[in-house]
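I opened the model to look up a few packing details. My notes follow, one topic at a time.

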Amino acid sequence: MIETRLSELLNDQAVSISFSASCVEDAIPLLMGPALQQAGISEDQKQTIVDAIKKREECASTISPPLALPHTRHAAVSRIVAALGINRSGALEKDHDVQAVVSFVSPETASAEHLRFLAGVAKLFRTREAVDQLLEAQSPADVIEVLRRLGN
């Protein structure tokens, strides 16, 4: 079974505090590039995955403040690869209400796990108290610890 808890998928390199991008399309490579590299994905596949996330975002926006959740499924990964960018002042210049961007890719054949992860992250960011705790974190390790405490 593929892990679907955000706290178990992230590490210090996949969490960016004071994250800022002009728009969600620009946020995707900034977040996913390092996460995919760390997951051992080749440069060619990295670009293919980033392009797939961007294309999916064009078809149906994943922005629902305070969260943007750009994602896709792709055959090049065998597990969910995720990254998180947070910023109390707004993670996206074009949408200041977005304080967190969670971008991810899951295996093409893992529909149930993909949906479970998507639902878990969306539920987490519906709670203002949870969002505030994440935004108060001072380091990537603190963010991951808050996620663990929150059960995600």
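**Entry 1: Ile80**

I checked Ile80 first: its relative accessibility is 0%, so Ile80 counts as buried (under 20% relative accessible area; exposed is over 50%, partly exposed in between; 1.4 Å probe, protein chains only). This is a predicted model, where local features need pLDDT of at least 70, side-chain atom pairs count only at pLDDT 80 or more, and totals for chains, interfaces and linings use all residues. Residues are numbered from 1 along each chain as its sequence is written, and side-chain values use heavy atoms, with hydrogens and water left out.

I found Ile80 in the loop between strand 4 (71-74) and strand 5 (strands are DSSP runs of E, at least two residues; helices are H or I, at least four; both are numbered from the N terminus). Leaving aside neighbours within four places in sequence, I listed the contacts of Ile80 (heavy atoms within 4.5 Å); among them are Ile2, Leu9, Phe104, Pro107 and Phe117.

**Entry 2: helix 5**

Which residues of helix 5 are buried? I noted Ala130, Val131, Leu134 and Leu135 in helix 5 (residues 128-136). Seen down the axis, they fall within an arc of 135°, so they line one face of the helix (the arc is that of the directions from the helix axis to the C-beta atoms). Their cover includes strand 5 (81-86), helix 4 (111-124) and helix 6 (140-149).

**Entry 3: helices 2 and 3**

I looked at which residues meet here: those of helix 2 include Ile28, Met32 and Leu36, and those of helix 3 include Ile49, Val50 and Ile53.
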